[in-house]
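This briefing is for a reader meeting the structure for the first time. Please look over the sequence and the model before reading on.

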Amino acid sequence: MFRLDYPPLANWAGFIAALLYVITLLPTILRVVFPSTKTTGIPKSLLIQRRLLGIIAFLMSVIHGYWLVSKRELDFLDFQTYWIYCQGIITFLIFTLLAITSNDWSVKKLKKNWKKLHQLTYFAMFLLLWHVIDKMWGHWTWVTPPSLVITGAITILFLVRMIRENHQSDKPKGQNPESPATKETASKTD
Amino acid sequence: MAKTTQKKNWVLFLLMSTAATLYGLRAHEQLGRTVAYQAAPSQSISTIHKTLQTLKNNSVWIYAIALSPDGETLASGRYDGKIELWNLRTGTLRQTLKAHEDAVSSLTISADGQTLISGSWDNRINLWDLHTGNHLHTLEDAADDVTAIALSPDGKSLAASAADKTIRLWDLKSSSQLQVQKAPTVVLSLAFSPDGQVLAGGSRDGVVRFWQRDSLSPRVALEGHQGAVQSVSFSPDGTLLASGSEDQSMKVWHLSEGKLLHTLQGHNAPVLSVAFSPDGRNLASGSYDRTIKIWNPVSGRPLKNLVGHTKSVQSIQFSPDSQTLVSSGSDATVRVWPIVAATALQ
């Protein structure tokens, strides 16, 4: 019998972290995949709060990890722990890197490398989807379906964005006057 | 100037990282090191290195084991949610059940040897036909990771604890939930008294708590451990209770007098599992230090040191005839040990 359980607090924290993280990914993706949203100002307003949302997402992932580790008494001196929780641990490490460099000082210091570093966020996006599917499939709580939907949807949208950008870059210059502008905007905000 | 400071910071960071890594590795080595019990000169304990059988089918942690009353079938619960059924007589794997979506945290077999019950971190408790491996029923009312289960000696009631700090009691015949009791903290281990009237639970806060079976109303609590109580076991006559804790000790409590009889120290890492032998003559403890120790429960004297697991010992259980001990651990093995020699030493 299929039923949804009430999620433990650790799962709530994980869900909120995933939700906020997905929101941080939205501005650029929306602009490319749904260009009409530019006129509504939604991507811009999301962009303004992106750094703050990212930091809160990181803090929620800390809480999620801490509660889960303490509840399950995970042994971090055993290699299997890292193997079993590889997606979660790698995602968390990426989140940590992104969080500690989410400040003006880091942007100035790291220069071009800052952008490269923060592109790890898309790698984390795939890991997060894998993490949710691997750990939550069969654990059907109230937050499982929305977690799967938001992480799945953002990954699909990202792939669509990649296809569109590749398609636009293949076209000879001048045929698509919007293309350079779009690319420029995307690179500024990534 | 700024570059020099930056370099200094990097060097400092690298030094600190190296120190932390070395400290971690050393702590790991110490935890895993097999250290012989430092017995008094008058005491001598021997070490058993050879097992009767070592069963291994994969590389996944084995958290729980349960032995059938006839001692022939062994169920082992894996971290990946699978349960393996072994024929102990031949040492062969009989069946693998895809039982749960997450780790199997606890297993028990009914006294008539017909039903296997498994509790899991997927919040579910499943009932299985031990002979065919068929799934019989699922008790889905647990709201969080199931940490422990215990079957009453008459086989009618099942108690389960979960990570949401609850204790639940089911009537197995009707599969209906009878009681839910909130505990002060997460209960990590459960055991019914031999008369089936009292349920004991080892808690994360180091307290051993007792509940009345039918109402789950709290009774006395035994305090003394300095760390989470990972395992509890009643002596067959119900007079003693052993508790193993993360404080690296095992305590033996005299229940009618409500006092501490012994604090058994010999492990150099958390004690994860304890078990009385069915004849009441031996008490065993399995630890994160990779060893199993056999004790005289009355005198508190150590008798044997069983060495062979290469990682923590998660679960132990005596055979019905008390002649062998079965253990499982994070090294993904199930080991069968001869205990008859330990009994002879008494």
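The model is predicted. In chain A, helix α6 covers residues 86–100, and α1(A) packs with α9(A). In chain B, T108(B) lies in strand β7.

**Helix α6 of chain A**
- Helix α6(A) has 15 residues, which at 1.5 Å a residue should span 21 Å; the C-alpha atoms at its ends are 21 Å apart, so the two values agree.
- The buried residues in α6(A) are C86(A), Q87(A), G88(A), T91(A), I94(A), F95(A), L98(A) and A99(A).
- Elements that cover these buried residues include α1 (9–33), α4 (50–72), α5 (79–84), α8 (112–118) and α9 (120–136) of chain A.

**Helices α1 and α9 of chain A**
- The axes of α1(A) and α9(A) are 12 Å apart, and the helices pack at an angle of about 150°.
- That angle makes the two helices, α1(A) and α9(A), roughly antiparallel.
- The crossing of α1(A) past α9(A) is left-handed.
- From α1(A), the residues N11(A), A18(A), Y21(A) and L25(A) meet T121(A), Y122(A), A124(A), M125(A), L128(A) and M136(A) of α9(A).
- The residues of this contact comprise 8 nonpolar, 2 polar and no charged.

**T108 of chain B**
- Strand β7 of chain B, residues 104–109, contains T108(B).
- T108(B) has a relative accessible area of 16% and is therefore buried, the cut-off being under 20%.
- Leaving aside residues up to four places away in sequence, T108(B) touches A66(B), T115(B), L116(B), I117(B), I149(B) and L151(B).
- I125(B) is 17 residues from T108(B) along the chain, and their C-alpha atoms are separated by 11 Å.

Note on methods
Residues are numbered from 1 along each chain as its sequence is written. Chains are lettered from A and ligands numbered from 1 in the order in which they are written. This is a predicted model: local features need pLDDT of at least 70, side-chain atom pairs count only at pLDDT 80 or more; totals for chains, interfaces and linings use all residues. Side-chain values use heavy atoms; hydrogens and water are left out. Helices (H or I, at least four residues) and strands (E, at least two) are DSSP runs, numbered from the N terminus. The expected span of a helix is 1.5 Å times one less than its number of residues. Buried means under 20% relative accessible area, exposed over 50%, partly exposed in between (1.4 Å probe, protein chains only). Contact means heavy atoms within 4.5 Å. Axes are lines fitted to C-alpha atoms, for helices over the stretch in contact, and angles run from 0 to 180 degrees between N-to-C directions. Angles under 35 degrees count as roughly parallel, over 145 as roughly antiparallel, 65 to 115 as roughly perpendicular and the rest as oblique. A crossing is left-handed if the near helix is turned anticlockwise from the far one by less than a right angle, and right-handed if clockwise. Ala, Val, Leu, Ile, Met, Phe, Trp, Tyr, Cys and Pro count as nonpolar, Asp, Glu, Lys and Arg as charged, and the others, Gly among them, as polar.
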